[in-house]
Amino acid sequence: EKYSDDKYEYRHVILPKAIARDMHRMTKCDRLLAEKEWRDLGVQQSYGWAHYEIHRPEPHILLFRRPLGTDPNTGKAAAQQPRQRHM
């Protein structure tokens, strides 16, 4: 399930206990995972997602976000259009 604000879309991934233990051994739950690391743990999702926060009470839940308009096939964020000033 995804949700969004005015800049990002978000999703949470709940790791099974065995995989959460592997993640804890790898990171001691004190740093974010690089894309290769979370993919190596078996997390499968489209491109462009970044692990952006550790929720200390539940470190087995990975919190991801990506800019709105990101192409899920390439992971590239849509170019933002400059705001036009109205007079």
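This is a predicted model: local features need pLDDT of at least 70, side-chain atom pairs count only at pLDDT 80 or more; totals for chains, interfaces and linings use all residues.
Start by selecting Ala50: leaving aside residues up to four places away in sequence, Ala50 touches Leu63, Phe64 and Arg65 (contact means heavy atoms within 4.5 Å). Ala50 lies in strand 3; strands here are DSSP runs of E with at least two residues, helices are runs of H or I with at least four, and both are numbered from the N terminus. With a relative accessible area of 37%, Ala50 is partly exposed. On this scale, buried means under 20% relative accessible area, exposed means over 50%, and partly exposed is in between, with a 1.4 Å probe and protein chains only.

Residues are numbered from 1 along each chain as its sequence is written, and side-chain values use heavy atoms, with hydrogens and water left out.

**The whole chain**

Zoom out and switch to cartoon. You will find 2 helices and 4 strands, and walking from the N terminus the elements run β-β-α-α-β-β. The radius of gyration is 15 Å, well over the 12 Å that the globule rule gives for 87 residues, so the chain is more spread out than a compact globule. That radius is taken over C-alpha atoms, and the rule is 2.2 Å times the number of residues to the power 0.38. Along the principal axes, the C-alpha atoms fill a box of roughly 60 × 25 × 20 Å.

Colour by burial next: buried residues make up 26% of the 87 residues. The chain exposes about 6700 Å², and carbon and sulfur atoms supply 50% of that area (Shrake-Rupley method, 1.4 Å probe). Among contacts with a separation of 6 or more, 46% come from residues 24 or more positions apart.

Begin with strand 1 and strand 2, which pair in the antiparallel sense over 3 bridges. A hairpin of 3 residues joins strand 1 to strand 2, and Tyr3 stands opposite Tyr10 in strand 2.

Then move to strand 2 (residues 8–14) and strand 4 (residues 61–67), an antiparallel pair with 7 bridges. Show Arg11 here, and its bridge partner in strand 4 is Phe64, one of the residues that Ala50 touches. Glu9 stands opposite Arg66 in strand 4.

**The salt bridges**

Side chains of opposite charge can pair when their charged atoms come close. How many salt bridges does the structure hold? There are 6 salt bridges, each a side-chain nitrogen of Lys or Arg within 4 Å of a carboxyl oxygen of Asp or Glu.

For one of them, select Asp22 and Arg25, whose side chains meet at 2.5 Å, N to O. Both lie in helix 1 (residues 17–27), 3 residues apart, about one turn of the helix. Asp22 is partly exposed at 36% relative accessibility, and Arg25 is exposed at 55%.

Next, pick Glu37 and Arg31, which form a salt bridge at 2.7 Å, N to O. Glu37 is buried at 17% relative accessibility, whereas Arg31 is partly exposed at 34%.

Salt bridges with shared partners also join Lys2, Glu9 and Arg66 into one network. Within this group, the closest N and O atoms of Glu9 and Lys2 are 3.5 Å apart. Is Glu9 buried or exposed? Glu9 is buried, with a relative accessible area of 13%, while Lys2 is partly exposed at 46%.

Technical notes: Two strands pair if DSSP finds at least two bridges between them.
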